[in-house]
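Here is a briefing on one protein chain. Please look over the sequence and the model first.

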Amino acid sequence: MRADTRSRVPAALTELSDIDAANVARCAKVLLRHPLLRVGGPDGDLLPLVYRHRVTLQEMFAALLGYRLVVERRFARLHKVGAGDDPTRGEAGLTPRAYAHLCLTMAALTGVGRQVLLSRLVADIRSTAAEAGIDLVDDLADRRALTAALRHLIGLGVITETDGSVAGLVGESGAEALITIHTDLLGQLLSGTSDAPSAAALIASGSGAGVEHSVRRKLVENPVTLHSDLSAEEADWLRRGQRRESVLLERCFGLVTEIRAEGVAVTDPEEYLTDVVFPSTGTVARITLLALPELLATEAAPRPDGRVPVTTRDVRETCVRLIEDYPAAWSRQATDNVDDLVDAVLDLLLRLTLIAESPEGWLLSPAAHRWLPLPDDTPATRATPGRSAVPEAPEPGWSLFDEEGSP
């Protein structure tokens, strides 16, 4: 097993000292979180270290994930393969209209040179939209969406406000600003992953790298990978090599895996790659946590893949019971409208990948058994006879997220 695992680690990494290998894993983790790493940006102080180990990092990402890495003195760009149709992957500050403006803005920026006035850029964006057959409405919502798109590009370092501010789009009419475009970063943002063979091409050619890359990307990019979400070939490959992959992910990315009957969970001990913290503070997060035992204890039998069917009505009834049993524990603003609260709870569960939509309703992931909280105090009001305020959840058995010492 050890020899096999070692053979999967890129040779350039095995030849490094323990300190350098740890630094490579640290750089790899930073690039996973910031695929466009730049001087002056988040974690930009690590660019010299990334540049120093660029050859090892490029080989490692290409061999293990099929990702292309470009490293220059002032930036590093990790070209990831898209995550597919996943609504939880979007930027929180960008609406669908803002995403449309982001695409139009990047298209317009390719033809304006190094600097441009804000008013000229807006005109070019509208011209680009007209050429694409997209109707833009010059109203407040439209200007806010464009401002959000420009702010996102500023955050990436693609453009900077040399004089004035893009906030003038929403504010006073006629406000002007001078925008500087960093064409090297813009080019990296627009360039694709054509240099790296696709998983489909690798599978078609008979290479096993397509399956390896596909499954490994899921392990690295998602907190939980269930066998039922994989193809038969992918699930078989993961079952046969999951111990090897555990060693590989810890060595190369500093990630820890937990192997269970339904799949594999991958966690970051430093929580650096954690984008949604749970459990957390706030009424929605706390109600979601306390709702899990009741939802898992519904009368519906778990499916063969370990998922538990629930309905929106189940979620609503659970939220109402928690509000009634602990009236002083919640924010009134969050609980005044129960329908909005239910939507917020479902949205959080979706972002945590603890629930999935199905034609019959919702399916709770077996990973939800990870959180089975008990209240610190008795309910503030009398519980209904014959029903405890927070029922005990059934024992999950030897399944995803039991304690390590379980039989």
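Does Trp 371 count as buried, partly exposed or exposed? Trp 371 counts as partly exposed, at 22% relative accessibility. Buried means under 20% relative accessible area, exposed means over 50%, and partly exposed lies in between (1.4 Å probe, protein chains only).

This is a predicted model: local features need pLDDT of at least 70, side-chain atom pairs count only at pLDDT 80 or more, and totals for chains, interfaces and linings use all residues. Residues are numbered from 1 along each chain as its sequence is written, and side-chain values use heavy atoms, with hydrogens and water left out.

**Overall make-up**

- The protein chain has 16 helices and 12 strands. These are DSSP runs, numbered from the N terminus: helices are H or I with at least four residues, strands are E with at least two.
- The chain holds 407 residues, and 45% of them count as buried.
- Of the contacts (heavy atoms within 4.5 Å) with a separation of 6 or more, 64% are between residues 24 or more positions apart.
- The accessible surface (Shrake-Rupley method, 1.4 Å probe; for residues, only the protein chains shown count as cover) is about 21,000 Å². Carbon and sulfur atoms account for 51% of that surface.

**Aromatic pairs**

- The whole structure contains 2 aromatic pairs. Rings of Phe, Tyr and Trp (its six-membered ring) pair if their centres lie within 6.5 Å; planes under 30 degrees apart are stacked, over 60 edge-to-face, and the rest tilted.
- Phe 61 and Phe 253 make a tilted pair, 6.0 Å centre to centre with 50 degrees between the planes.
- Phe 61 belongs to helix H5 (residues 54–65) and Phe 253 to helix H12 (residues 232–253), so this pair ties together parts 192 residues apart in sequence.
- Phe 61 and Phe 253 are both buried.
- Phe 278 and Trp 371 make an edge-to-face pair, at 5.3 Å centre to centre and 75 degrees between the planes.
- Phe 278 lies in the loop between strand E9 (263–267) and helix H13 (283–296), and Trp 371 in the segment after strand E12 (361–364), so the pair ties together parts 93 residues apart in sequence.
- Phe 278 is buried, with a relative accessible area of 12%.

**Charges over rings**

- A charge sits over a ring if NZ of Lys or CZ of Arg is within 6 Å of the ring centre and within 35 degrees of the ring normal.
- Arg 33 lies over the face of Tyr 272, 4.7 Å from the ring centre.
- The charged end of Arg 54 sits over the ring of Tyr 51, at 4.0 Å from its centre.

- Strand E3 (residues 75–79) has 5 of its 5 residues buried, so it is largely enclosed by the rest of the structure.
- Phe 75, Arg 77 and His 79 point one way from E3, while Ala 76 and Leu 78 point the other way.
- Two strands pair if DSSP finds at least two bridges between them.
- Strand E1 (residues 36–38) pairs antiparallel with E3 over 3 bridges. Leu 36 has Arg 77 in E3 as its bridge partner.
- Strand E2 (residues 68–71) runs antiparallel to E3, joined by 4 bridges. Arg 68 has His 79 in E3 as its bridge partner.
- E2 and E3 form a hairpin, with 3 residues between them.

**Open sheet**

- An open sheet has 3 strands in the order E4-E6-E5, with antiparallel pairing.
- Strand E4 (115–117) and strand E5 (159–163) stand at the edges with a single partner strand each, so one side of each has no neighbour in the sheet.
- E5 and strand E6 (residues 178–181) pair antiparallel over 4 bridges. Glu 161 has Ile 179 in E6 as its bridge partner.
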